[in-house]
Amino acid sequence: MNTRSMIFTLYGDYISHYGSKIWIGSLIRLLSEFGHNDQSVRAAISRMNKQGWVQAEKAGNKSYYSLTDRGQKRIEEAGKRIFKLKPEEWDGKWRMLMYTIPEEIRSVRDELRKELVWSGFGSFSSSCWISANNLEKQVSDLIDKYKIEDYVDFFIAEYEGPHENSRIVAKSWDLDEINGKYQSFISEYSEKYIIAKSRIQKGLMTDADCFVERTGLVHEYRKFLFVDPGLPAELLPVQWLGAHAASLFSDYYKELAEPASRFFEAVFKDGNEIGSREDGYDVLDHPYILE
């Protein structure tokens, strides 16, 4: 597992609920459970700092890292999507973003494409990206972020044929490939869930074991943010496995939640203020996991 990617997972699933700030020593200790060493953690967090995801601060001889506004916003958006069990209701409209970004700023174009994919847009045709979801705010933020208002046009429209909306979907996303990824996730984690549930009930899994398993579960499941556009139910095939995978993820997550959090808190309190945890935060009452 990539160190930087694992740090994002830890911020999203744990640290953001405890003030979004952590001592580097605690972060190193947590990631050692996955085989990441001191050097790789420091290099990864330094890179995240330069990219504007986290900010560093000193307190005595200790270094702490907290999420920036940009990082917090990305974590919150990811959380809403990861823990959402049901697709959004569709208003029947398509959001279309078209651009003609000059070659001299192609790096901006490349970054924009990555952001669009992450947000759930599909490539309908060259330089034309489409989504069935209400992403007006995200599009506005991207235009402001990359200063590309002179090169883009954004439409909200209904498809009037001559084909069905399913044709639009088929041209923009490979749902069979995404469904295959869900099938692989279900096959692997259904078995893991049964085994872990039995071991937990028998007292054979430590809090550290549950922390590793829960973090790995979230880390794997959040990869769907980069491949699944989160289409409304009306646009999905009958045999869509996304809902099954979401239900499995939710059940498995709840099984691991409390012991995993105990381990995190035990490590976190060494060098951090444990009292900074969100008031009333209950790991089994995640704001999205029960939707």
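The structure is a predicted model, in which local features need pLDDT of at least 70 and side-chain atom pairs count only at pLDDT 80 or more, while totals for chains, interfaces and linings use all residues. Residues are numbered from 1 along each chain as its sequence is written, and side-chain values use heavy atoms, with hydrogens and water left out.

The predictor's confidence in each residue is expressed as pLDDT, on a scale from 0 to 100. The chain has a mean pLDDT of 89, and 92% of its residues reach 70 or more. Where pLDDT is low, the predicted coordinates should not be read in detail.

Helices (H or I, at least four residues) and strands (E, at least two) are DSSP runs, numbered from the N terminus. R95 is buried, at 3% relative accessible area, whereas E136 is partly exposed at 24%. Here, buried means under 20% relative accessible area, exposed over 50%, and partly exposed in between (1.4 Å probe, protein chains only).

A salt bridge between D207 and R262 has an N to O distance of 3.0 Å. It links distant parts of the chain, as D207 lies in helix 9 (residues 207–221) and R262 in helix 10 (residues 242–268), 55 residues apart. Both partners are partly exposed: D207 has a relative accessibility of 25%, and R262 has a relative accessible area of 45%.

E103 and R109 form a further salt bridge, their closest N and O atoms being 3.1 Å apart. In this pair, E103 is partly exposed at 44% relative accessible area, while R109 is buried at 14%. Salt bridges also link K73, K137 and D141 in a network.

Helix 4 (residues 69–82) contains E77, a residue that counts as buried at 19% relative accessibility. Apart from residues up to four places away in sequence, E77 touches W118, S119 and Q138.

How values were computed
A salt bridge is a side-chain nitrogen of Lys or Arg within 4 Å of a carboxyl oxygen of Asp or Glu. Contact means heavy atoms within 4.5 Å.
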